[in-house]
Amino acid sequence: MVAPKGKGTARYRESYVVVGKWHNSVVETQTRADKGMLLKLDFRDKFKLEDSPNCHFDFLEVRDGQHGYSNLLGNFCGPNFPPEITSKTRYLWLRFHSDENIEGDGFKAVWTMIPRPTHPGVPPEPEPCIVNVTGMQAIIHSNDVKDRKTLAEKEGVALDCMWVIRVEDGWKIQLTFDSFKLQRPNECDANFVDIFKDRTDMSAREKNFCGSIADTVVLSNNIAHMRFYAEPKAANSSFEALMTAIRDKEGGEKSCRENEYDCEDATCIAAELLCNGKGNCRFRWDEDDTMCNVSFSFVEI
Ligand SMILES: [Ca+2]
Ligand SMILES: [Ca+2]
């Protein structure tokens with residue numbers, strides 16, 4: 001897949017994506033319309049992908065939104081041109097997948113921005129609810145998106161927010177839940193917290209929490225995504241998670257580096273997290289009472 005190329009006038013410019021005879025590959029791309037605009041996608045010149053039942057082997061997947069879990073608009077393969085597609089959001093998400101056998105000729109898809117209908121009754125496009133998180137430690141709380149919750153309640157729509165977590169290269173992400181209270185536990189369509197790896201399609205989903213507990217998750221690289229979804233009837237769902245950047249001790253590394261604390265489970269955390277009142281090490285050694293010199297108050301009986 002080649003990168004989208006712009007041509008024509010700025011306002012109604014066309015961009016296109018071309019996939020040739022590729023095999024054994026997965027390519028994802030996302031495109032965004034300007035504010036107040038939608039995207040129209042149509043197919044020109046050629047469309048020929050290996051045909052299979054349910055487009056199992058080679059396919060082009062198109063979703064209406066920014067993420068791999070956004071609303072599916074179509075999954076296409078075979079010799080027939082897909083229909084023209086118009087988004088309801090400002091985004092289209094495309095994934096082309098091909099296996100190692102049988103190649104088609106590929107396709108050419110063209111997208112154009114079109115004005116979003118503004119006649120009465122059409123609500124404005126909501127801004128995506130995204131919170132960026134970084135650092136050696138961070139608290140992720142449902143209250144981070146309190147304004148968006150108020151807005152969703154007012155409009156009677158679901159709250160759907162994403163925390164994008166990035167830590168230093170070579171580090172991993174650990175998420176520990178200090179509280180997890182869904183308003184509708186076990187109603188997995190009404191409320192959930194999903195944890196994704198660096199990508200957001202369903203195959204990269206690491207955890208789906210929709211019950212009454214959420215256990216600790218460790219992601220294998222330095223980027224992760226956490227999605228919080230709550231329908232109006234579950235709008236009072238809440239949670240608080242602690243994000244800690246952790247580093248695996250490399251082979252032969254006997255102790256953690258300077259400015260790090262050894263969690264004694266083959267991982268290291270930033271030394272600044274020692275005795276800060278938050279259990280950053282999986283076994284909480286960083287908050288050990290004797291080391292942190294916690295003063296106790298005794299009550300006479
Ligand atoms: Ca194939
Ligand atoms: Ca700590």
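How many helices and strands are there in the chain? The chain has two helices and 20 strands; helices (H or I, at least four residues) and strands (E, at least two) are DSSP runs, numbered from the N terminus. This is a predicted model, in which local features need pLDDT of at least 70, side-chain atom pairs count only at pLDDT 80 or more, and totals for chains, interfaces and linings use all residues. Residues are numbered from 1 along each chain as its sequence is written, while chains are lettered from A and ligands numbered from 1 in the order in which they are written.

The confidence of the model comes first. pLDDT is the predictor's confidence in each residue, from 0 to 100. Its average over the chain is 88, and 88% of the residues score at least 70. Over residues 1–12 pLDDT stays under 50, and the model has 22 contacts beyond four places in sequence for this stretch. Two residues are in contact if their C-beta atoms, placed from the backbone, lie within 7 Å. Where pLDDT is low, the predicted coordinates should not be read in detail.

Two figures describe the chain as a whole. Of its 301 residues, 30% are buried; a residue is buried if 20 or more other C-beta atoms lie within 10 Å of its own, exposed if 12 or fewer, and partly exposed in between, with C-beta atoms placed from the backbone. Among contacts with a separation of 6 or more, 67% join residues 24 or more positions apart.

One open sheet has four strands in the order 3-8-5-6, with antiparallel pairing. Two strands pair if DSSP finds at least two bridges between them. At the edges are strand 3 (25–32) and strand 6 (71–76), each of which pairs on one side only. From one strand to the next the twist averages 15°; axes are lines fitted to C-alpha atoms, for helices over the stretch in contact, and angles run from 0 to 180 degrees between N-to-C directions. Within this sheet, strand 5 (residues 59–64) and strand 8 (residues 91–98) run antiparallel and are joined by five bridges. Arg63 stands opposite Trp93 of strand 8.

Leu73 belongs to strand 6. Leu73 counts as buried because it has 21 C-beta neighbours inside 10 Å. Beyond four places in sequence, Leu73 is in contact with Val62, Arg63, Asp64 and Ile85. Thr86 is 13 residues from Leu73 in sequence, and their C-alpha atoms are 9.1 Å apart.

Another open sheet has five strands in the order 10-12-17-14-15, and its pairing is mixed. Strand 10 (129–134) and strand 15 (205–209) each have a single partner strand, so one side of each is left without a neighbour in the sheet. Direction ignored, neighbouring strands here are turned by 15° against each other on average. Strand 12 and strand 17 run antiparallel and are joined by eight bridges, with Trp163 opposite Met226 in strand 17.

With strand 11 it pairs in the antiparallel sense over five bridges, and Ala241 in strand 18 is the bridge partner of Ile140. Strand 13 and strand 18 also run antiparallel, joined by nine bridges; here Ile173 has Ala245 as its bridge partner. Strand 20 pairs with strand 18 in the antiparallel sense over two bridges, and Cys268 in strand 20 is the bridge partner of Arg247.

Which residues touch the most other members of the largest nonpolar core? They are Ile173, Ala224, Met226, Met243 and Ile269, in a core of 38 residues. A nonpolar core is a set of buried Ala, Val, Leu, Ile, Met, Phe, Trp, Tyr and Cys residues joined through C-beta atoms within 7 Å. Strands that each supply at least two residues of this core include strand 11 (137–141), strand 13 (172–181) and strand 18 (238–248). Strand 17 gives the largest share, five residues. A second, separate core has 23 residues, among them Leu41, Leu60, Trp93 and Ala109.

Most residues other than glycine have a negative phi. Asp45, not a glycine, has a positive phi of about 65° and is found in strand 4 (residues 37–48). Asp45 counts as partly exposed because it has 13 C-beta neighbours inside 10 Å. Asn186 has a positive phi near 75° and lies in the loop between strand 13 and strand 14. With 10 C-beta neighbours inside 10 Å, Asn186 counts as exposed.
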